Amino acid sequence: MKNKITNLLVALFAIFICFSCSDDDNEGSNNLKGVWNYNGVHFVMEFEKEEIPLPKGMTLKTLLETMGLKTDNLGSLGELTSIPAKMLVTNFSEYANVKMGKYFRGLEFTSDYDFLINIVAKGQNKSVAATYAMGKNALYVELDKESVKQAFGKEVAIPSLQYDYTLSDNQLVLFTDKTKIETIVTLLSVMAGDNAIPARKEYIMSILKQTKKLEFGITMKR
């Protein structure tokens with residue numbers, strides 16, 4: 001179960017990084033040349049309510065077990081059917097930072113049009129080749145199909161999406177908003193072929209619908 005959750009998280013970021021697009025003209029791409037190393041998760045989540053109800057039949061204990069986290073010291077808290085919004089934000093941010101540090105290494109822009117996505121898959125360092133065009137606030141990326149197949153062990157067809165970025169002081173931040181994350185979550189269930197995913201997807205989607213602001217992505221440093 002823990003490995004399946006980890007694979008989902010890695011796949012999420014792979015999709016997030018790899019399938020970005022923009023209608024803007026290519027400009028300023030030279031600023032990206034070089035190696036960008038993973039530096040942490042970019043995560044902004046704000047809710048309308050202070051308490052977030054869990055899906056029917058789920059408790060805090062079963063939620064944490066699904067995420068592969070320890071539940072030994074929960075006691076009666078494990079039976080809660082709703083959780084404080086602040087707790088959810090803190091736990092998810094910490095969990096994502098730890099896991100992504102193990103499986104995502106960063107990006108390497110080798111020219112004005114080519115770059116590599118550096119990951120760890122099945123315990124080995126791997127790179128996915130891609131081409132890109134850079135707009136004012138977004139990237140358009142097209143992956144090498146054979147490279148994707150070698151990294152993930154199967155062919156994956158995913159539509160292009162638009163993601164924002166900021167670049168300052170040798171720090172690159174790539175992130176997406178609520179609407180695009182909902183699309184990504186839907187795609188994950190197709191990619192993973194895991195019967196347990198529908199339950200996780202139901203929970204994730206129920207959480208997304210309760211947010212008033214959501215940004216999710218990665219930060220990297222040169």
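Which strands does helix α3 lie across?

## Helix α3

The structure is a predicted model. In this model, helix α3 spans residues 85-103. Helix α3 lies across β1 (34-47), β4 (104-109), β5 and β10 (211-221). Relative to β1, helix α3 runs at about 165 degrees.

## The sheet

An open sheet is formed by 8 strands, in the order β7-β6-β5-β4-β1-β10-β9-β8. The pairing in this sheet is antiparallel. Its edge strands are β7 and β8 (164-168), each of which pairs on one side only. From one strand to the next, the twist averages 30 degrees.

The pairing of β6 with β7 can be described in more detail. These two strands run antiparallel and are joined by 5 bridges. Residue M134 stands opposite L139, which belongs to β7.

## Helix α4

Helix α4 covers residues 145-152, and its buried residues are S147, V148 and A151. These residues lie on the same side of α4 because they cover an arc of only 100 degrees around the axis. The exposed residues K145 and Q150 are on the face turned away from the buried side of α4.

What covers the buried residues of α4? The cover includes β5 (114-121), β6 (124-134) and β7 (139-143). Helix α4 lies across β5, β6 and β7, and runs at about 150 degrees to β6.

After α4 comes G153. The phi of G153 is positive, near 80 degrees.

Terms used: Residues numbered from 1 in each chain as written. Predicted model: local features only at pLDDT ≥ 70, side-chain atom pairs only at ≥ 80, totals over all residues. Heavy atoms only, no water. Buried < 20%, exposed > 50% of the residue type's maximum accessible area, 1.4 Å probe, protein only. Helix = DSSP H or I, 4+ residues; strand = E, 2+ residues; numbered from the N terminus. Arc of directions from axis to C-beta. Contact = heavy atoms within 4.5 Å. Pairing = 2+ DSSP bridges. Axes fitted to C-alpha atoms, helices over the stretch in contact; angles between N-to-C directions.
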